[in-house]
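Here are my notebook entries, written while I had the model open. Please follow along in the viewer.

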Amino acid sequence: EETPIPELGVETPQPEELRVELNPISGERPLTAITYRIFQERDLIRTFSIEPHKLLSYLFALEDSYQQVPYHNKLHRADVCQSMHVLLNSSGIKDVFNEFEILAAIFAAVVHDVHHPGLTNPFLIKTKSDLAILYNNESVLENHHIAVAFKLLQADERNIFSNLSAEQMETLRRRVVDMVLATDMAKHKTLLADFQNLLEAKKMSGNDYLTLESYDDRILVLKNMIHCADLSNMTKPLDTYSKWIDRLMVEFWKQGDAERDLGLDISPMCVRSPTTKDKHQIGFINSFVHPLWETWGSLVYPDANTILETLAQNREWHEASL
Ligand SMILES: CC(=O)CCCOc1nc(Oc2ccc3c(c2)CO[B-]3(O)O)c(Cl)cc1C#N
Ligand SMILES: [Mg+2]
Ligand SMILES: [Zn+2]
């Protein structure tokens, strides 16, 4: 039977200054529009005998359960889902993953930030929030996203996997848990190091296309793929990227306001000042995003060359604003 979604335990800062322009096509439901289309495009509905009305009910529930936060809302999840869809088609890995892995990857992307409160793990931990207590400070947000995603599946009219066998469901759940947990930035260094070691080993083996046998190797590439999709804003053209940054800063600044009101140290990237945005984005790109995308670029060479150029241009845009 259906059990209630775990409480957030924190009130979410309400952004009054956010105007959401409605897209003429997807209207109020960008997540459903994009995800349903991708499921159709990849023939997942037929392959897994997914009942269309259940898919719509599930996607509607995902959209409705998101918090009204400036950046980590249904638009971001639709964006990551679409980016994942594109990355799965990259040259060199297009035929590597089977339809079960693709189903898990698209599903993980669309649920990876569900019910996000617009606050960071460090904030939830230092404020001793219910979520941090529930998940013992370990990947607090990511555990919550996974729990909410699977709780929403418990209602029969939303159970899009009702025609999977118990064993298929277990493997799908394992993959989705692994991928969503991999979007925790605290895991970044290990995840990227393991990815680089894998690619180094494959290069040593000499064959020019990627062959992945073990579950661990296969899920490692998928974990890095969703991590790339999650951090793909700065690989997009500047006019798109700057809109994401504006939303992100509103969200970070609201957390900074909450930290100040609670008498806590303000997280460096949440400080309201004109140079914070550029300084932190340059730091974030140099420390995390560029190394990750460079490694991805070596896997799918030359597919990601344009992405790497756009990333460099966006970094220069920040540097010019300093
Ligand atoms: C516009 C961007 O592309 C920047 C990505 C967000 O900017 C940062 N994100 C950071 O960590 C997270 C990255 C991904 C996610 C989350 C946190 C929570 O949900 B999520 O999965 O979307 C850190 Cl540590 C720093 C920055 C900076 N600047
Ligand atoms: Mg997240
Ligand atoms: Zn995300």
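Predicted model: local features only at pLDDT ≥ 70, side-chain atom pairs only at ≥ 80, totals over all residues.

Which side chain has an N or O atom 3.2 Å from an oxygen atom of ligand 1? I looked this up and found N233.

**Entry 1: the ligand**

I went on to the other polar side chains. H72 places a polar side-chain atom 2.7 Å from an oxygen atom of ligand 1. For D230, I read 2.5 Å between a polar side-chain atom and a ligand 1 oxygen.

Two elements give two or more residues to the shell around ligand 1, namely α12 (238–261) and α13 (274–299). α12 gives the most, with three residues.

Next I listed the neighbours. There are 17 residues around ligand 1, and H72, D113, M185, D230 and Q281 come nearest. By type, the shell holds nine nonpolar residues, six polar ones and two charged ones.

I wanted to know where E142 belongs, and found it in helix α8 (residues 140–152). E142 counts as buried because its relative accessibility is 7%, under the 20% limit. I noted a pairing here too: E142 and V114 are 28 residues apart in sequence, while their C-alpha atoms are 9.1 Å apart in space.

S65 was my next stop, in the loop between α3 (52–64) and α4 (74–87). S65 is buried as well, since its relative accessible area is 11%. Its side chain reaches the backbone oxygen of L62 at 3.2 Å.

I found that the peptide bond from Y301 to P302 is cis, with omega near 0°. P302 lies in the loop between α13 and α14 (305–321).

K128 has a positive phi, near 50°, and is not a glycine. I located K128 in the loop between α6 (121–126) and α7 (130–134).

N136 also shows a positive phi, about 50°, without being a glycine. Its place is in the loop between α7 and α8.

Are these two buried or exposed? K128 is exposed, because its relative accessible area of 63% is over 50%. N136 is exposed with a relative accessible area of 63%.

Methods: Residues numbered from 1 in each chain as written. Chains lettered and ligands numbered in written order. Heavy atoms only, no water. Near = heavy atom within 4 Å. Polar contact = N/O pair within 3.5 Å; in protein donor to acceptor, adjacent residues only side chain to side chain. Helix = DSSP H or I, 4+ residues; strand = E, 2+ residues; numbered from the N terminus. Nonpolar A, V, L, I, M, F, W, Y, C, P; charged D, E, K, R; others polar. Buried < 20%, exposed > 50% of the residue type's maximum accessible area, 1.4 Å probe, protein only.
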